[in-house]
Amino acid sequence: MYGSSWRGCWVKTRGAFVHAARRGLAVLLLAGAGTAVLAQPQPVEPVEVSPGVWMVQGASALGSPANRNFISNAGFVVTPAGVLVVDALGSPALAQELLAAIRRITPQPVRHVIVTHYHADHIYGLQALKAAGATITAHAAGRAYLHSDTAQLRLKASREELAPWIDDDTRLVGADRWVDGPLRIELGGVEFLVQPAGPAHTPEDLVVLLPRQGVLFAGDLVFRGRVPFVGQADSGRWIEALNRLLAHKPRLIVPGHGPASTSAEADLTLTRDYLQHLRQTMGEAARNLEPFEEAYARADWSRFEHLPLFKAANRINAYNTYLLMEQGK
Ligand SMILES: [Zn+2]
């Protein structure tokens, strides 16, 4: 329930903050020593990016209690026979808000959820969508992550770092349908092609194409206007996957992060070129047995350093790539 007494109140302790945050009201932001200001969390507001095709866009930031882990996108397509959702957002509360937003747009139920990959910011909302009756489809390679210690440790850490949005009731949800090849879904006269694209960003990458509309839900294969988190990704195969997507010549890309793109080719190319640059600079260093620090300092990052999250992501991306290239991958 929304208690109006919470609105506009100044909250100082962590306990009280959690209380206020649980009520979905003001979020405390520290704006310098001793100064507290209140800001409303970013709402889940769908934008229609193509007829019947909608997206909600998360913040270009790391997950935090202030942003409710709303740092990734979700998309949905409204058809006369139901709604297909792509990705589940970063907390059950966000997914609930997404469902409420969908209900304001259409009386049709959510029939399908396609998981582009099992990263926390895209899947913590799954339980809400499953409870709403949706069939969840994901790539079979996601099962390995789901049952890994990494996934459990990540969830445990998230319960602390993202409280109260991720709590003891938040759980990892598997798919109802695990696929390991292309899948065609026809819903209300709309054709969806669900295609494996990994191992690239993750082993279980799926993309969703609407061939008639030229719309591509690309998950985290394409980052628009920001540096991707490469993590342990197989960047060589990722580059191949991007080249295959380029061949589809999509008109519109709904990426996993950042705004929708009508300059699909430029965005696919930017992500690909960034990965290629990492592999080229770090590969050369690894082959010449040049220490990472030196190679990193010497590399020319000027084409990418203006992008959001460059500072947060580039160094670790470069380091992971250095390790990958040392193994000759
Ligand atoms: Zn992501």
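Colleague: Before we start, what makes a helix crossing left-handed or right-handed?
Modeller: A crossing is left-handed if the near helix is turned anticlockwise from the far one by less than a right angle, and right-handed if clockwise.

Colleague: Then which is the crossing of H8 and H10?
Modeller: In this predicted model, H8 and H10 cross in the right-handed sense.

Colleague: At what angle do their axes cross?
Modeller: The axes of H8 and H10, the latter spanning residues 310-326, cross at roughly 55 degrees and come within 8 Å. The two helices are therefore oblique to each other.

Colleague: Which residues make the contact?
Modeller: H8 contributes Leu278, Arg279, Met282, Gly283, Ala285 and Ala286. From H10 come Asn317, Ala318, Thr321, Tyr322, Met325 and Glu326. By class, seven residues of this contact are nonpolar, three are polar and two are charged.

Colleague: Changing topic, how many residues has the largest nonpolar core?
Modeller: That core has 83 residues, and Phe76, Val85, Val207 and Leu221 have the most contacts inside it. Helix H8, residues 264-287, supplies the largest share of this core, with nine residues.

Colleague: What is valine 207 in contact with, beyond its neighbours within four places in sequence?
Modeller: Its partners are Thr116, Gln195, Ala197, Leu216, Phe217, Ala218, Gly219, Leu221 and Leu245. Leu221, one of these partners, is also among the core residues with the most contacts.

Colleague: And the chain as a whole: how many helices and strands?
Modeller: The protein chain has 10 helices and 14 strands. Of its 329 residues, 44% count as buried. Among contacts with a separation of 6 or more, 63% are between residues 24 or more positions apart.

How values were computed: Residues are numbered from 1 along each chain as its sequence is written. This is a predicted model: local features need pLDDT of at least 70, side-chain atom pairs count only at pLDDT 80 or more; totals for chains, interfaces and linings use all residues. A nonpolar core is a set of buried Ala, Val, Leu, Ile, Met, Phe, Trp, Tyr and Cys residues joined through C-beta atoms within 7 Å. A residue is buried if 20 or more other C-beta atoms lie within 10 Å of its own, exposed if 12 or fewer, and partly exposed in between; C-beta atoms are placed from the backbone. Helices (H or I, at least four residues) and strands (E, at least two) are DSSP runs, numbered from the N terminus. Two residues are in contact if their C-beta atoms, placed from the backbone, lie within 7 Å. Axes are lines fitted to C-alpha atoms, for helices over the stretch in contact, and angles run from 0 to 180 degrees between N-to-C directions. Angles under 35 degrees count as roughly parallel, over 145 as roughly antiparallel, 65 to 115 as roughly perpendicular and the rest as oblique. Ala, Val, Leu, Ile, Met, Phe, Trp, Tyr, Cys and Pro count as nonpolar, Asp, Glu, Lys and Arg as charged, and the others, Gly among them, as polar.
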